[in-house]
Amino acid sequence: EEELPDGLDESCSQEEYEDSDSDASSDADESSSGSVTPVSRNCIECLAEPAEAQDKVLKPALVCSLFPNVPPTIYFSTRDETVEKLPWEQRKLLRWKMCRVTPNIVKQTIGRSHFRVSKKSNDWLGCWGHHMKSPGFKAIKEHQKLNHFPGSFQIGRKDRLWRNLLKMQARCGKKEFNFFPQSFILPQDIKLLRKAWEEGASRQKWIVKPPASARGIGIQVIHKWSQLPKRRPLLVQRYLHKPYLIGGKKFDLRLYVYVTCYDPLRVYLFKDGLVRFASCKYSSSMDSLSNKFMHLTNYSVNKKNTEYKSNSDETACQGHKWALKALWSYLTQKGVNSEAIWEKIKDIVIKTIIASEPYVNSLVKMYVRRPYCCHELFGFDIMLDENLKPWILEVNISPSLHSNSPLDVSIKGQMIRDLLNLAGFVLPSMDSVASRTQIRSGSTCSLGNALKEKPKPVSEHFRAEKMKKAYYLMQKIPDQDFYSSVLDILTPDDVRILVETEDEYSRRGQFERVFPSHISMRYLRFFEQPRYFNILVTQWELKYYLNRHKGNWPPKAWHS
C-alpha cells in the first residue's frame with residue numbers, strides 16, 4: 001500500500017470527511033448506543049413513519065433469486081410498506097453494528113426490516129460507519145458487509161483524485177479525462193503552480209482547498225500569489241469562472257454513485273440527486289472573491305446567509321436546493337437536451353471510478369475475505385459550465401445522509417432503501433431459509449448449458465477455469481471479435497458471476513447501472529490491466545441487454 005506523504009493519515013476524522021448537504025445542523029441523536037427504531041427522538045416530524053399501520057403494504061422479508069439454489073436476500077422497504085417478520089430462528093440473525101456516524105435514514109430503513117443493534121462485536125451482518133485503514137478490513141467476516149472498500153480514498157481525497165486522473169490523462173490521453181479542473185498539490189507542485197500562474201492571464205482566479213476536508217471548510221478563492229495560504233498540504237485548483245447560472249446564481253449537483261463490486265466492476269448511479277445553489281448572485285468581479293455565499297455552493301456555508309431559502313417540494317424549482325429531476329424539467333423547458341448532459345455525467349463517473357480500480361482491487365485481494373464484504377456509496381459533486389459541460393469538483397467517500405427536510409427525506413430515503421436492496425444482504429445460515437422460500441421455476445436456459453454435463457472433479461474445473469481466464473487475458477488491447485467467444489462455454493465461476501450480476505440488476509430500484517452496460521467495451525481500454533470478469537459481463541450485456549429473459553431462463557440442471 002502506498003505510503004501517504006507528509007505524515008497524512010488516510011483515515012480522516014468525521015469532520016474532515018463527512019460532507020454536509022442537508023438541512024441538519026447536528027446529528028447528536030446518532031449514538032452508537034442508540035437502539036434501531038424507525039424514528040429517533042430528536043428527529044423532526046418529516047422523518048416520522050405514517051401513523052396508520054393498516055394503510056401500509058405488507059412485503060415479504062426475503063427477495064427470491066431469479067435462479068434456483070441461490071439464497072434469497074433481505075428486503076428493505078419504503079416508509080409506506082411493512083415487512084413481514086421472519087421466524088425467530090432467522091430473525092435473531094438480523095443484527096446491525098451501530099457507529100457514531102450511522103445516519104438516521106439508515107437506522108430507519110434497517111429498523112423497518114426488523115434489524116436490531118448488535119451488542120457484541122462480531123455477530124452483526126451490516127455496518128454503516130467510518131472508513132478505516134486497509135489492514136482493518138481483515139477483521140470483517142465472510143457474512144458481514146461494511147459500507148467502504150479499502151483504498152477508496154484514492155478518489156475520496158481531493159489530492160489523490162487529481163493525481164489519479166492525471167495518471168489516466170498520461171496513459172489514455174487528455175481528451176478522455178479532461179473533466180477535472182487543473183490542480184496543483186502543495187508543497188510538491190509549487191514550482192509547477194508558479195509557472196502556470198505566470199503564464200496565465202492577469203485576471204485568473206484560483207480556488208484553494210485542504211485535500212481532506214468537507215463542508216466548505218478552509219476553501220477560499222484567490223487571484224494574487226500573496227493570498228496563497230502558508231499552511232500545507234493544499235490543493236490549488238483553476239477556478240471554473242464561467243459556470244452555468246440559474247437566476248444569476250451558481251449551483252452544483254450532488255449525485256449518488258454506488259459500487260457493489262470492483263471485480264467485476266459494477267457501478268450504479270441514482271437517478272435523482274440534489275441541486276445546491278449559492279445564496280448570492282454570481283459576479284466575476286475580483287472584489288467579490290471573499291464572498292463565500294456567492295462562490296461556494298455548500299449547504300453548510302449558505303445556510304448561514306439570512307437570504308437562504310429552503311425548499312420542501314421535490315418537484316418545485318424554488319429556494320436554494322432542488323431535486324435533480326426538477327433541474328432536468330427546468331432545463332428541458334428551456335430547450336436544453338438534459339439527456340445528453342446525463343450521458344456525459346455517466347461517462348465521467350465511470351472513468352473516475354476506473355481511476356481508483358487498480359488500488360482498490362489490489363487491497364481487496366490483500367485484506368478482504370470475499371468481495372461480498374464491501375460496498376460503497378460515493379457522493380459526486382459536479383458543476384456545469386456555461387456550455388453545460390459537466391466537471392467533477394470532488395468525490396466524497398462519506399456523503400452526508402442527514403435528512404431533516406422533506407426534500408432530503410424523499411431523495412435520500414428512497415436512495416438508501418434501493419442501495420440496501422442492491423447490496424444483497426444474505427442470512428449467514430441459509431439451509432433452513434432456502435427450504436421455506438419458494439424459488440421461481442422455469443424451463444431450459446443459456447446459463448444452465450454450462451452445467452448440464454456431469455460435474456467434473458473440482459481440480460479439473462479449477463484447471464479449466466484458470467486456462468480460460470489466461471486465454472482471454474492474453475489480448476492486452478480490447479478486441480470485440482476475440483472476446484465474443486467468452487460466452488460459448490461457461491465455467492461454474494462464470495455462472496456464479498453472471499447470476500450475481502443479473503440478480504443484483506433485478507434489485508436496482510431507482511439506480512441505473514452504468515457499468516457494465518452494452519456500451520462498456522469502449523471503457524475496457526481505460527483499465528490499467530484487463531480483468532477477465534469485466535470481459536465476461538461486458539460480453540453478456542452486449543449479447544442479452546435487449547432480451548434479458550433469454551439469458552436468464554432457469555437451468556434444468558443446477559449445481560450449488
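**Salt bridges, strands and a helix pair**

Mentor: In this predicted model, the side chains of Arg-254 and Asp-381 meet in a salt bridge, at 2.7 Å from N to O. Local features need pLDDT of at least 70 and side-chain atom pairs count only at pLDDT 80 or more, while totals for chains, interfaces and linings use all residues. Residues are numbered from 1 along each chain as its sequence is written, and side-chain values use heavy atoms, with hydrogens and water left out.

Trainee: How do you know whether Arg-254 is buried or exposed?

Mentor: Buried means under 20% relative accessible area, exposed means over 50%, and partly exposed lies in between, with a 1.4 Å probe and protein chains only. Arg-254 has 0% and is therefore buried. Asp-381, at 5%, counts as buried too.

Trainee: What makes S13 largely enclosed by the rest of the structure?

Mentor: Of its 12 residues, 12 are buried, so S13 is described that way.

Trainee: How do you know which strands S13 pairs with?

Mentor: Two strands pair if DSSP finds at least two bridges between them. S13 and S17 have seven bridges and run antiparallel, with Leu-253 opposite Ile-382 in S17. S13 and strand S15 (residues 274–277) have four, also antiparallel, and there Arg-254 has Leu-274 as its bridge partner. S13 and strand S14 (residues 265–270) have five, again antiparallel, including the bridge between Cys-261 and Arg-266. S13 and S14 form a hairpin, with two residues between them.

Trainee: How many salt bridges does the structure hold?

Mentor: It holds 27. One of them joins Asp-189 and Arg-163, whose closest N and O atoms are 3.3 Å apart. Asp-189 lies in the loop between strand S9 (183–186) and helix H6 (190–199), and Arg-163 in helix H5 (residues 158–172), 26 residues away.

Trainee: What about Asp-418 and Arg-417?

Mentor: Their side chains meet in a salt bridge at 3.3 Å, N to O. Asp-418, at 2%, is buried, and Arg-417, at 13%, is buried as well. There is also a network of salt bridges, linking Glu-176, Asp-347, Lys-351 and Arg-525.

Trainee: Why are S6 and S8 said to stand at the edges?

Mentor: They belong to an open sheet of four strands, in the order S6-S5-S7-S8, with parallel pairing. Strand S6 (116–117) and strand S8 (145–146) each have a single partner strand, so one side of each is left without a neighbour in the sheet.

Trainee: What makes H9 oblique to H10?

Mentor: Helix H9 (residues 324–333) and helix H10 (residues 338–367) pack at about 135 degrees, with axes 9 Å apart. Angles under 35 degrees count as roughly parallel, over 145 as roughly antiparallel, 65 to 115 as roughly perpendicular, and the rest as oblique. The angle of H9 to H10 is therefore oblique. Axes are lines fitted to C-alpha atoms, for helices over the stretch in contact, and angles run from 0 to 180 degrees between N-to-C directions.

Trainee: Which residues make the contact?

Mentor: With contact meaning heavy atoms within 4.5 Å, they are Leu-324, Trp-328, Leu-331 and Thr-332 of H9 and Ser-338, Ile-341, Trp-342 and Ile-345 of H10.

Terms used
Salt bridge = Lys/Arg side-chain N within 4 Å of Asp/Glu carboxyl O.
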